[in-house]
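Today I'm going through the charged side chains and noting who pairs with whom. Structure first, then my entries.

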Amino acid sequence: MADHIAARTAAAELAPGARLPAERDLAEEYGVAYLTVRRAARVLREGGLILTVHGKGTFVVDPLPTDEGPQQV
């Protein structure tokens, strides 16, 4: 599930800043258990693809991370 959502962000199907459906709605959409959605969200957060704001929801990060490696400052 995490790979599918990551692919949707890479294909611009989920644009930066887009709000993801609630975890329970995603569980129903993908036909998986609620805890599976929570694990996938954790993987996506750790990968820097989504950000969860308590009381607001879960969003695709803006801008999306690139495959160029660490940013030079």
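This is a predicted model: local features need pLDDT of at least 70, side-chain atom pairs count only at pLDDT 80 or more; totals for chains, interfaces and linings use all residues.

**Salt bridges, notebook**

I started with Glu23, which comes out partly exposed at a relative accessible area of 21%.

Next I looked up the partner of Glu23. The side chain of Glu23 meets that of Arg38 in a salt bridge, 3.1 Å from N to O. I placed both ends: Glu23 is in helix α2 and Arg38 in helix α3 (residues 34–46), so this pair ties together parts 15 residues apart in sequence. Arg38 is partly exposed as well, with a relative accessible area of 40%.

How many salt bridges does a search of the whole structure find? I got 3.

Then I turned to Arg8. Its side chain forms a salt bridge with that of Glu13, at 3.1 Å from N to O. Buried or exposed, I asked of Arg8? Arg8 counts as buried, with 16% relative accessibility. Glu13, on the other hand, counts as exposed at 54%.

Arg8 also has a salt bridge to Glu29, where the closest N and O atoms are 3.7 Å apart. Arg8 belongs to helix α1 (residues 2–10) and Glu29 to helix α2 (residues 23–30), so the pair links parts that are 21 residues apart in sequence. The 3.7 Å still counts, because the cut-off is within 4 Å.

Last entry: I noted that Arg8, Glu13 and Glu29 are linked in a network of salt bridges.

Terms used
Residues are numbered from 1 along each chain as its sequence is written. Side-chain values use heavy atoms; hydrogens and water are left out. Buried means under 20% relative accessible area, exposed over 50%, partly exposed in between (1.4 Å probe, protein chains only). Helices (H or I, at least four residues) and strands (E, at least two) are DSSP runs, numbered from the N terminus.
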